[in-house]
Amino acid sequence: MRKLFIFSILITSIFIASQELDKEYLDSLPDEIREDILNRAESKADEEKKVYRSIDVTSEVQKFNTFGQREEIRNLDEDLFGSDFFDTMQTSFMPINVPNLDDSYVLGFGDVLNIHIIGQSDSNDTYQLNRDGSISLPEIGKLYLAGLSLSDATELIRSKVSQTFIQTKTFITLTNIRDVAVLVSGDAFNPGVYTVNGSSNILHALSVAGGINEHGSYRSISLIRDNKVIDTLDLYDILIEGKFLAKERLRNGDIIFVNPRMNIVIVDGAFKRPNKFELLDGQFLSEAIEYANGLTPDADFKNITLNRIIDASIKSLPIGNVSQFSNLLAKDGDRVFVRKHSFRSVKIDGSILKPGTYLMSEGDNVFDLIDKAGGYSSNAYPYGAVYTNEKAREIREMASEKLYNEFVDSLIGLIEGSSSGELDIAPLISMAQELKNAEPNGRISINLLEEDSIESNLFVQDKDYLYIPELTNNVFIFGEVSNDGAVAYLEGADLNYYLERSAGIKDSADNDSIYILFPDGTTKQVSKRKNLFANQDVRVQIYPGSVIFVPRRINNSVANRMTAQAYATILGNIGVSLASLSVLND
C-alpha cells in the first residue's frame with residue numbers, strides 16, 4: 001500500500017509539471033521537440049527532489065574492491081608476453097585417452113595393444129600390460145614390453161610369433177594409453193597432482209594446471225624425474241620461434257616445476273610488438289628487441305632511452321645507437337623506449353593539383369600540406385578553404401548539445417510565461433529543430449591568403465581535412481527576403497545591394513540581427529538600422545561565396561537573446577559544402 005502511495009505521488013508530480021506548460025503550445029509542437037521539452041521539464045523537477053542514500057553500502061564497496069583486485073592481477077598477468085597463451089588451451093582435469101601412433105612411445109603398465117595374427121593360427125585380441133610390464137600370448141607365453149618403445153615392442157612380438165607359427169603375419173596397434181599422475185609445482189596457476197595420459201608432455205600438464213601465475217617463468221619450466229632435471233621447456237621457443245623442443249613424455253611420478261621469473265624487460269615505443277618480455281640471465285637487451293620483432297619504420301633513432309634501476313633509483317642511460325643493446329646485459333626492471341616520429345595522415349581535396357591523403361611530419365602546417373599536394377589549381381579560392389579537425393568536431397558537438405539543452409530550457413520558460421497567442425513560437429521551434437539536427441563539422445577558420453599569418457603555426461593533426469573550393473561568383477541570401485537564393489557577386493557592393501537584388505526584405509524581418517557567414521567560416525551579426533552617425537554595418541565588405549541570412553523578427557527580448565547564439569551556431573555548422581545551405585531556405 002505504501003509503495004502504491006509513493007508511486008501515485010511521483011505520477012502526480014510529473015503530471016503537474018507537464019500541466020505548467022501551455023497545452024495548446026505543446027500540442028502544436030513537432031513530436032521530437034515536444035518530447036525533448038517534456039523530458040527537460042521532468043529532469044528539472046527531478047533535480048529539485050531530495051535524494052536520500054542508503055546507509056548500507058558495504059556490499060557494493062566490497063564488490064568494487066574485489067573486482068578491482070581481480071582486474072589488477074589480470075592486467076598484470078596480461079602485460080607479460082605470452083601470458084594469454086594458456087587462455088585458449090584445454091583446461092579440463094579429465095585425462096584425454098587418445099592412442100598415440102608415434103613409434104617412439106614407451107610402453108608401460110596400463111597400455112593396451114591389439115595383436116592381430118593371420119596365418120597358421122588366426123587371432124585378433126587385445127592385451128593390457130600387467131603391473132610387471134608383461135603380456136601373455138597363447139602358445140608363446142609372457143613377453144616383457146614395459147620400457148620398450150612401440151617400435152621395439154612390435155619387432156619383439158613379431159619375432160616371437162614367427163618363431164612359434166609358420167607363415168603368419170602379425171599386426172600390432174596401440175589401442176589405449178595408460179594414465180599417469182604427475183605433480184605440477186612451483187609458480188603454476190593451480191599447483192597440484194594431475195592425471196594425464198601417457199603421451200602427454202610438459203605443456204599438456206601445464207595446461208590442465210591453468211598455466212603459469214604472475215610470478216612464474218615462461219622461460220624455465222623443468223621436468224624432474226628421480227630428482228634430476230631431464231628436460232626444460234622455454235615457451236618463447238614456441239611463441240617466437242615456432243619450435244617445440246621439449247618432447248619428453250611424462251611418466252608416473254614426474255614433477256613439472258615452474259621456476260620464478262627472471263629479468264623482466266619492457267620494450268615500448270616504436271617497436272612492431274611492444275611488450276613486457278622475460279629474459280634469461282646472460283641475455284642481452286638486443287634479444288628483447290628481436291622478441292619485439294624489431295623497430296617500426298617511424299622509429300626516431302635520435303631518441304632512444306634505457307631506464308634502469310641502479311642503487312634503488314631509476315637512471316636514464318644515454319643510448320646513441322640501437323646497436324649498443326648488443327653489448328648490454330639485460331637486468332630486471334629495464335625499460336627500453338624508442339620514440340616514434342609523430343606522422344599524421346591528412347587529407348586534402350578540391351581545387352588542388354594533387355588531391356589525396358598525405359603522411360605529414362610533426363610540425364608540418366597547412367601550407368606544407370598544400371605544397372606537398374602540388375599547390376592550388378587555376379580556379380582555386382583559398383579564402384573559402386574549409387579546414388576540419390577531429391578534436392574541434394568533438395568540442396563543437398558537446399557545445400551544440402549544451403546549447404540545444406539551454407535553448408529548450410529557455411523555450412520552456414517562454415511557454416510557461418506566455419499566454420496563448422501572445423508569442424509567435426513558430427520561429428523558435430524551427431530554430432530548435434535546426435539546432436537538434438545540425439551536424440557539427442569541426443571546422444576551424446583559417447586564412448590561407450598570407451603565409452606569414454597565424455595559420456603558419458597551425459600544425460596539422462591526424463585525420464585533419466582541408467578542402468579548397470573553386471572560386472564562386474555568387475552571394476547566397478536566405479531568410480526573410482522576398483526572393484532568396486543566389487545573387488551574382490559585384491565587387492565593392494555592400495549589404496544593401498544584395499538585399500535589394502533579392503527584392504528587399506520582408507516586413508517580418510529582424511533589421512537588427514542580420515547574419516553574414518563569410519567564406520572563411522567566420523560569422524558577423526550586423527544591423528540595417530541607421531543611427532545618428534552613419535550606417536556603418538551595411539557597408540561591411542562582402543566576399544564571393546558569402547551567405548547572408550535575414551532572420552524573422554521576434555517581439556520578445558528573451559527570445560531575441562536566445563536566437564543570437566543559435567543563429568551563429570547554425571550558420572557555423574554549414575558552409576562545408578554549398579549544398580548544405582538549403583537547410584536555411586525556410
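Tutor: A salt bridge here is a side-chain nitrogen of Lys or Arg within 4 Å of a carboxyl oxygen of Asp or Glu. The model is predicted, so local features need pLDDT of at least 70 and side-chain atom pairs pLDDT 80 or more, while totals for chains, interfaces and linings use all residues. Residues are numbered from 1 along each chain as its sequence is written, and side-chain values use heavy atoms, without hydrogens or water.

By that rule the structure holds ten salt bridges. One of them joins the side chains of Lys142 and Asp132, with N and O at 3.2 Å. This pair links distant parts of the chain, ten residues apart: Lys142 sits in strand 4 (residues 141-144), and Asp132 in the loop between strand 2 (123-128) and strand 3 (134-137). Helices (H or I, at least four residues) and strands (E, at least two) are DSSP runs, numbered from the N terminus. Lys142 has a relative accessible area of 47% and is therefore partly exposed; Asp132, at 39%, also counts as partly exposed. The classes are buried (under 20% relative accessible area), exposed (over 50%) and partly exposed in between, with a 1.4 Å probe and protein chains only.

Now turn to Arg225. Arg225 forms a salt bridge with Glu248, and the closest N and O atoms are 3.1 Å apart. Arg225 lies in strand 8 (residues 216-225) and Glu248 in the loop between helix 7 (235-239) and strand 10 (255-260), so this pair ties together parts that are 23 residues apart in sequence. The two partners can be set side by side: Arg225 is buried, because its relative accessible area is 12%, whereas Glu248 is partly exposed at 31%.

Arg225 also meets the side chain of Asp254 in a salt bridge, at 2.8 Å from N to O. Asp254 is in the loop between helix 7 and strand 10, and Arg225 is in strand 8, so here the parts tied together are 29 residues apart in sequence. In this pair both residues, Asp254 and Arg225, are buried. Through shared partners, the salt bridges join Arg225, Glu248 and Asp254 into one network.

Glu248 is partly exposed, and Asp254 is buried.
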